[in-house]
Amino acid sequence: MDKVKIALTILTIAIMVGPLVCVTLLYRDNLLGLVIPPELTNLASNDDTSNDTSLAYDINPPTPAGDPQYFPENKSYTFAYNFTNPFTDSISVDAFSAAIYSKEGVFLGNASLTNPMQIGPGENGIVDISGSLTEEAISYFKNSYSGSNINTVDVTLRNIDIDAAGLQVHLDQLPPDMIGSIPLPIGDLK
Amino acid sequence: MRINWFGLTAGILTLIVLLISFYVPWWQLIIGDNLFKINGSPIYTNFGLMGSSFTIPLLLALNISSILMFTVSGIIMLVYSCFPTKSYSLQLLSFSYRKPLYAVIIFVLSLLIIIAIVGLTGLKIPVVGSSPLTLPSQLTFGIGISISALASASFLLPFWLAIGTSVLCIVARLYHRRIPQLT
């Protein structure tokens, strides 16, 4: 019965070693590919030329959708961003909050997501953000811009908290190359 | 004809575990709302990122080895169970009864080792249950950004079925001593 034992031992070795040898031979020109699949390499390098595009998402930062609006009756404003979901799953945007500052670093008010929303795979979604200006902000605009012909002032976001797709992201401030500044209309504030 | 019923059941269960494992992982980790997913299994390990999945070639090779090992050990266990009194039956049983147990032990140890290694980077991944996961500051390039998400992990049905199969395989081995052997 040694033959059975020997046959089973050879079978075990063949089963354990065979696939490893095959995959090593397949990747002999790129051994790193054994542990880092091409999908991840493409994702890291954002390589659009590769044939394997299963993870080559075309992620673009949100772009402004229309001009920001200011409503003097309740000192509130709204602005919107257009975001295309590049993934194959829906993305839920559950919360967004940020503090608005002038370029000179004056705190102007807070902003938050108007309504939680869901963006389907490959779909465009308009993310509506609203907030209100503080009394100090209104005084700041009146003191700084009254009499001038400037009708919009670039403001920026700080202390941004985003809750999307189950991910909580906090940014101390908005990267300038991501969205840049928001042209807040101040025509009614001067 | 004498049959080792424990072995027969264990052989069938081994093949059932193999089949189920193609569709359901042994262990699953979900980060965020299916933002990132790990489906761990000796049979088919894959990773998911926002609905797309990918695998690692080296893991795929190990998975193919496991698939072949489960298939062969399940079939050999069935053959043994139907002929437990043959002179070569002990060799067949000795080959097949350990494999599901080895698969469970190696899988759990690998999982714990990988999670411990990942933990060295500061990412505390749960083995079972949910816990908040925060990306270490060295991975966020120090640009004033922090990223966190809820990570949920659990062992699923095929894992428990594999443990049951392993126990049944051991019982089949113990029961083999009670079967009078032909010489």
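This is a predicted model: local features need pLDDT of at least 70, side-chain atom pairs count only at pLDDT 80 or more; totals for chains, interfaces and linings use all residues.
**Chain B**

Residues are numbered from 1 along each chain as its sequence is written, chains are lettered from A and ligands numbered from 1 in the order in which they are written, and side-chain values use heavy atoms, with hydrogens and water left out.

Next I looked up the elements. Chain B has five helices and six strands (DSSP runs: helices are H or I of at least four residues, strands E of at least two, numbered from the N terminus). From the N terminus they run α-β-β-β-β-α-α-α-β-β-α. The radius of gyration of chain B is 20 Å, well over the 16 Å of the globule rule for 183 residues, so the chain is more spread out than a compact globule. That radius is taken over C-alpha atoms, and the rule is 2.2 Å times the number of residues to the power 0.38. Along the principal axes, the C-alpha atoms of chain B fill a box of roughly 75 × 25 × 25 Å.

I then checked burial (buried is under 20% relative accessible area, exposed over 50%, partly exposed in between; 1.4 Å probe, protein chains only). In chain B, 48% of the 183 residues count as buried.

**Chain A**

I found three helices and ten strands in chain A. Of its 190 residues, 35% count as buried. The accessible surface of chain A comes to about 10,600 Å², with 55% belonging to carbon and sulfur atoms.

**S65(B)**

I picked S65(B), which sits in helix α2 (residues 57-82) of chain B. Is S65(B) buried or exposed? S65(B) counts as buried, because its relative accessibility is 2%. Leaving out residues up to four places away in sequence, S65(B) touches I15(A), M16(A) and P19(A). Contact here means heavy atoms within 4.5 Å.

**Second largest pocket**

Which elements each supply at least two residues of this lining? I noted α1 (2-26) of chain A together with α3 (89-96) of chain B. The largest share, five residues, comes from α1(A). Among the lining residues are K5(A), L8(A), F95(B) and R98(B). A pocket is an open set of points on a 1 Å grid over the protein atoms alone, where a 1.4 Å probe fits, with protein on both sides within 12 Å along at least five of seven lines; lining residues have an atom within 4 Å of a point.

Definitions and conventions. Accessible areas come from the Shrake-Rupley method with a 1.4 Å probe; for residues, only the protein chains shown count as cover.
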